[in-house]
Amino acid sequence: MSRDLLLTLSSEPRARRLIQRLGLPIPLPQRLDREDTPYAEQPLRDRRVLALGTLRGELGRAIARALVEAGASPVVASDTDVFDAPGEAWGRRAESLDAHLSDPGSTSRFEALVFDASELAGPADLRALYDGFHALVGRLAPCAHVVVIGRPPEEASTPAVAAARQGLEGFVRSLAKELGRRGTTANLVLCETGAESRLDGVLRFALSERSAFVTAQPLVVRRLAKAPPASTWNRPLDGKVALVTGAARGIGAATAACLAREGAKVLLLDRPDDDAPLAQSARAVGGVPVLLDVTAPDATERLLAVAREHGGLDVVVHNAGITRDKTLAKMDAAQWDLAVEVNLGAVVRLTDALIEHKALKKHARIVLLSSVSGLAGNVGQTNYAAAKSGLVGYLRHLAPQVAERGVTVNAIAPGFIETRLTDAMPVAIREAARRLSALGQGGQPR
Ligand code: NAI
C-alpha cells in the first residue's frame, strides 16, 4: 500500500520537533494505538475513566456496570451513587475527581471519558456539555476515547427535548475534529429506552483501541432485535460460521482475520480470478476459501449450497465492492451496471435468498459495507454512491422483518481506508482524502 509520509515523519521524534519548530501549516497526525488481540474479559483494566453527567437511574447503572465489569477505574465529578451498587458483584467505589485533581502526586491523564447526557430537557441543558468538557479535555491522554451517551431524538417528548438531543450529534462531530489531531476519538451513543442492558458491548468497543479509527459517529443501541443468549467476552464467536465476501485482500481479509481470532470458522469468498490471494488469506486465518463471483448467474444457488454444507451462517459480511469512477457524462452503461450490480444488486439478491431459504441461523449478524463517499456523494461516483446508499435503504427495511429471529442488519460506512481501492486514486486526491479525516490520516483495514 502507498505510504503516508506525514504519518511516518510524525512517528520520528526528531522530524516531528523540526517540523513543529519550522511552524509548517501541516498538522502532524498522531500514530494511533490499535488493538490486534482478541476481545478480552476486561479491556479497560485499570484504565482511569472519567465518568461525567447525569449518571442516575437505569441508564446510569448500566453505564457504571459496563465500565466496572470491563475493568475500568472510574473517576466521577458528581455525587452519583451508581458505582456503589450494594450487593452487586461488579460494584466498585469511584474515585472523586476533586480528590484526584487536588492530589499533587496525580499527574496522570484520563484514557477515556464517558458523559451521560441522557436527561436533557431543552437547549439550555446543552450547557452541561460545556461545563463538563471545558476544563477537562486538556487532561485527556493522546489516543484517548470520548463517548457521549444520549437518548434518540425520535423518542423525545417535546420538540425542545428533541432539539437538545440532536444537538449532541453536532457537538460530538465537532469535538472529534478538535481532538483528532491527538489521535483521540469522540463518538455519540444513543441508547433507546429499554435497551440499557445492551450498552456494554458498544462501550467496550468505543472506549478501547478496537475503535482507533472510529470517530465522530452516532451509534444507536436499539431494542429492536430479540436479544441473543448470554455470551462470553472471550472468543464470543466460538462454534459460529462467518462468511466474508471480497476476502482476498483489504478490508475483507482483515475482517476475516478478526472474526477468526474471535473463534469463528470463516468462509472467505472472492472471485475465481483471485484464486491465489484468496488461498493465502484463507490459509493465514485457517479459513475456507470459496471461489465465487457474487454477480454470477448461479451465485445464489452456489452460496446456498456452501451455507448448507456448513450448517447455516451466523455472520455474513457483504464486503465485496468495486468502483468504476467517471463523471456521469463520460460513464458508459457497463460501468454503471457493474458498480450497481456488485455493490448493491448482488447483496440484495444473495441476502434475500439466504433469508428465504433459512440459511441464516437465529441471532445471525449481517453487516453491509457502505461508504462515506456513497452517503455524502462524490464527483465521479454517481454509480457507486447510488449503490452504497441503496444498501442503507435495504437494511432499514429489512432489519424490522428479521428482528423477531434475533437477526440484526447493520451497515458500516468507512471513510478513507488504505487498501488497493484507495491506492488507485490520483496522488493529490489521495493525499487530500487522508487529511480530511478527523484523525488526519487514512484508516488501516484492521
Ligand atoms: P479491495 O479492492 O482491496 O477489496 C475488494 C475485494 O472485493 C477484492 O478482493 C475483490 O476481488 C472483491 N470483489 C470485487 N468484486 C467481486 C465480485 N463480483 N465477487 C466476489 N468478490 C469481488 O477493496 P477494499 O478497500 O478492501 O473495500 C472493501 C469494501 O469496503 C468495498 O465494498 C468498498 O466499497 C468498501 N469501502 C472501502 C473504502 C476504502 O477507503 N478502502 C471506503 C469505503 C468503503
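Q: In which helix is L304 found?
A: This is a predicted model, in which local features need pLDDT of at least 70, side-chain atom pairs count only at pLDDT 80 or more, and totals for chains, interfaces and linings use all residues. Residues are numbered from 1 along each chain as its sequence is written, and side-chain values use heavy atoms, with hydrogens and water left out. Helices (H or I, at least four residues) and strands (E, at least two) are DSSP runs, numbered from the N terminus. L304 is found in helix α10.

Q: Is L304 buried or exposed?
A: Buried means under 20% relative accessible area, exposed over 50%, and partly exposed in between, with a 1.4 Å probe and protein chains only. The relative accessibility of L304 is 7%, so L304 counts as buried.

Q: Which residues does L304 touch, not counting those up to four places away in sequence?
A: Contact means heavy atoms within 4.5 Å. K358 is 54 residues from L304 in sequence, yet their C-alpha atoms are 9.4 Å apart. The residues that L304 touches are A353, L354, H357 and A359.

Q: Which residues does T300 touch, again leaving out those up to four places away in sequence?
A: T300 also has its place in α10, which covers residues 299-309. T300 is buried, because its relative accessible area is 17%. Its contacts are R349, L350 and A353.

Q: How far apart are the C-alpha atoms of T300 and T351?
A: T351 sits in helix α11, residues 333-356. Along the chain, T300 and T351 are 51 residues apart. Their C-alpha atoms are separated by 9.1 Å.

Q: With which residues is T351 in contact, leaving aside neighbours within four places in sequence?
A: T351 has 2% relative accessibility, so T351 counts as buried. Its contacts are H318, I366, Y394 and L398.

Q: What is the orientation of α10 to α11?
A: Axes are lines fitted to C-alpha atoms, for helices over the stretch in contact, and angles run from 0 to 180 degrees between N-to-C directions. The α10 and α11 axes are 10 Å apart, at an angle of about 45°. Angles under 35 degrees count as roughly parallel, over 145 as roughly antiparallel, 65 to 115 as roughly perpendicular and the rest as oblique. Therefore α10 is oblique to α11.

Q: How many nonpolar, polar and charged residues are in the contact of α10 with α11?
A: A299, T300, L303, L304 and A307 of α10 meet R349, L350, A353 and L354 of α11. Ala, Val, Leu, Ile, Met, Phe, Trp, Tyr, Cys and Pro count as nonpolar, Asp, Glu, Lys and Arg as charged, and the others, Gly among them, as polar. By class, the contact of α10 with α11 has 7 nonpolar, 1 polar and 1 charged residues.

Q: What is the orientation of α3 and α7 to each other?
A: Helix α3 covers residues 57-69 and helix α7 residues 199-206. Their axes come within 9 Å and cross at roughly 50°. The two helices are therefore oblique.

Q: Which residues make the contact of α3 with α7?
A: By class, this contact has 6 nonpolar, no polar and 3 charged residues. From α7 come L199, D200, L203 and R204. From α3 come L59, A62, I63, A66 and E69.

Q: Against which elements do the buried residues of α7 pack?
A: In α7, L199, L203, R204 and A206 are buried. These buried residues pack against α3, β5 (140-150), β6 (185-191) and β7.

Q: How far apart are the end C-alpha atoms of α8?
A: The expected span of a helix is 1.5 Å times one less than its number of residues. Helix α8 has 12 residues, 250-261, so it should span 16 Å. The computed distance agrees: 17 Å.

Q: Against which elements do the buried residues of α8 pack?
A: The buried residues of α8 are G252, A253, A254, T255, A256, L259 and A260. They pack against β8 (241-245), β9 (265-270), α9 (275-285) and β11 (313-318).

Q: What is the phi of L55?
A: Most residues other than glycine have a negative phi. L55 lies in the loop between β1 (48-53) and α3. It counts as buried, because its relative accessibility is 2%. Its phi is positive, near 45°.

Q: What is the phi of A216?
A: A216 has its place in the loop between α7 and β7 (218-221). At 10% relative accessibility, A216 counts as buried. Its phi is positive in a residue other than glycine, near 65°.
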